[in-house]
Amino acid sequence: MASYRIALIPGDGVGAEITEEAVRVLDAAGDIHGFEVATDSFDWSCDRYLDVGAMMPGDALETLAEFDSIFLGCIGDAAKVADDVSLQMLLTIRKGFDQYVNLRPIKLYPGVATPIATASPETVDILVIRENTEGEYSSNGGFFKRGTPDAVALQTGVFTWKGCERAIRYGFEMARKRNKLGGSPAGRVTNCTKSNALNYSMVFWDEVYDHVATDYPDIETDMALVDALTMWFVKNPEWFDVVVASNLFGDIITDLGAMLQGGMGFAAGGNVNPERTFPSMFEPIHGSAPKYTGKRVVNPIATVEAVRMMLEHLGEVEAAEHVGSAIAATLGAGEVRTKDMGGSDRTHEMGAAVVAAMRASA
Ligand code: IPM
Ligand code: MN
């Protein structure tokens, strides 16, 4: 029997309660589909920072390297630790494990309300590939004369040919695999850029995109400046198939994408190391909502979606599809609704409903 070791990092705020739902769904999937799941939980968080002065131990990456995959709850609690300090933990894992693809599916399940009038299950089916290890997030820069009237801050984006190419290429591969346009062309990859203003980094990014595109004559090319892209996401979501974006642009457009899919409670992401040299990490993309800690009111669907993506990455494709169809059945039935959906059902009630739907269709 296949067996997987999963590292759990619940993190801060509501992280613990959503991680319980992740485990509940993982266990059910293993039980139904015949694999074993062993989890270890790590208390790496702002509370740990307050106790010992670090979010995670110095050998955290060595520890995590032993696992098949990582589930991350949510990080950050600005009342305890400054966000730019606590969130380094997330960025350190993404960079340290060369998780250079941030996979962010934007899909609207039937039965879910969205604030965007153009969004429907038929129009919203986008896959954003966000470069996840460099670009604007390269942590290069410095402060000079800080605290004086002459203070200076520099934050330098670093775009490498290799870094851009591998993320963009992954996008083209995904478009082929999705086959959303269903023939010739098989799919469309939109280049999210800003080369009209960023005359080095984004001009370079465009060059890489054009270079990669020549290897995929079956995939339609497309481009949108990031500002215009936010407009088009709202106006014509059905146009989009795969979108490739730099680290910061991908971050921004996927929060807008979350609204297309009904809110932050539905949006998940995978930090993927495609070569599998290192474990990949899956997470809901929402924050830690400290004010709701322990209240069990947040929507765990983003978490369950993250588990679905993890199962797919682990090769448990049937189990992943089963989780997806159970989410669809639960949301489609519309009986269980968390606070963000205008209901009063609790986090664990939504998690249990998804598991019940899995068991009912096992
Ligand atoms: C995300 C988050 C992170 C990011 C923050 C918390 C550092 O917004 O995963 O989208 O910017 O990548
Ligand atoms: Mn974000």
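Which residues are around ligand 1? In this predicted model, the residues around ligand 1 are Leu 87, Arg 94, Arg 104, Arg 130, Tyr 137 and Asp 251.

**Ligand 1 and its shell**

- By residue class, the shell around ligand 1 holds four charged and two nonpolar residues, with no polar ones.
- Tyr 137 places an N or O atom of its side chain 2.5 Å from an oxygen atom of ligand 1.
- For Arg 94, the distance from a side-chain N or O atom to an oxygen atom of the ligand is 2.7 Å.
- Arg 104 has a polar side-chain atom 2.9 Å from an oxygen atom of ligand 1.
- Ligand 1 exposes 320 Å² when taken alone, and the protein buries 75% of that area.

**Asn 247**

- Asn 247 is located in helix α9, which comprises residues 247-260.
- Asn 247 has a relative accessible area of 1% and therefore counts as buried, the cut-off being under 20%.
- Leaving aside residues up to four places away in sequence, Asn 247 touches Arg 130, Glu 131, Asn 132, Thr 133, Glu 134, Glu 136 and Tyr 137.
- Of these contacts, Arg 130 and Tyr 137 also belong to the residues around ligand 1.

**Helix α11**

- Helix α11 runs over residues 317-333; at 1.5 Å a residue its 17 residues should span 24 Å, and the end C-alpha atoms are 24 Å apart, so the two values agree.
- The buried residues in α11 are Ala 319, Ala 320, His 322, Val 323, Gly 324, Ala 326, Ile 327, Thr 330 and Leu 331.
- Cover for the buried residues of α11 includes the helices α1 (15-33), α10 (301-314) and α12 (347-360), together with strand β2 (35-41).

**Backbone features elsewhere**

- The peptide bond between Ser 184 and Pro 185 is cis, its omega being near 0 degrees.
- Pro 185 is part of the loop that lies between α6 (161-178) and β8 (187-193).
- Asp 98, although not a glycine, has a positive phi of about 45 degrees.
- The loop between α5 (88-96) and β4 (101-107) contains Asp 98.
- Because its relative accessibility is 23%, Asp 98 counts as partly exposed.
- Ser 139, likewise a residue other than glycine, has a positive phi near 60 degrees.
- Ser 139 is placed within strand β6, residues 135-144.

Notes:
Residues are numbered from 1 along each chain as its sequence is written. Chains are lettered from A and ligands numbered from 1 in the order in which they are written. This is a predicted model: local features need pLDDT of at least 70, side-chain atom pairs count only at pLDDT 80 or more; totals for chains, interfaces and linings use all residues. Side-chain values use heavy atoms; hydrogens and water are left out. A residue is near a molecule or strand if one of its heavy atoms lies within 4 Å of it. A polar contact is a pair of N or O atoms within 3.5 Å; within protein, one must be able to donate a hydrogen and the other to accept it, and residues adjacent in sequence count only if both atoms are side-chain atoms. Accessible areas come from the Shrake-Rupley method with a 1.4 Å probe; for residues, only the protein chains shown count as cover. Ala, Val, Leu, Ile, Met, Phe, Trp, Tyr, Cys and Pro count as nonpolar, Asp, Glu, Lys and Arg as charged, and the others, Gly among them, as polar. Helices (H or I, at least four residues) and strands (E, at least two) are DSSP runs, numbered from the N terminus. Buried means under 20% relative accessible area, exposed over 50%, partly exposed in between (1.4 Å probe, protein chains only). Contact means heavy atoms within 4.5 Å. The expected span of a helix is 1.5 Å times one less than its number of residues.
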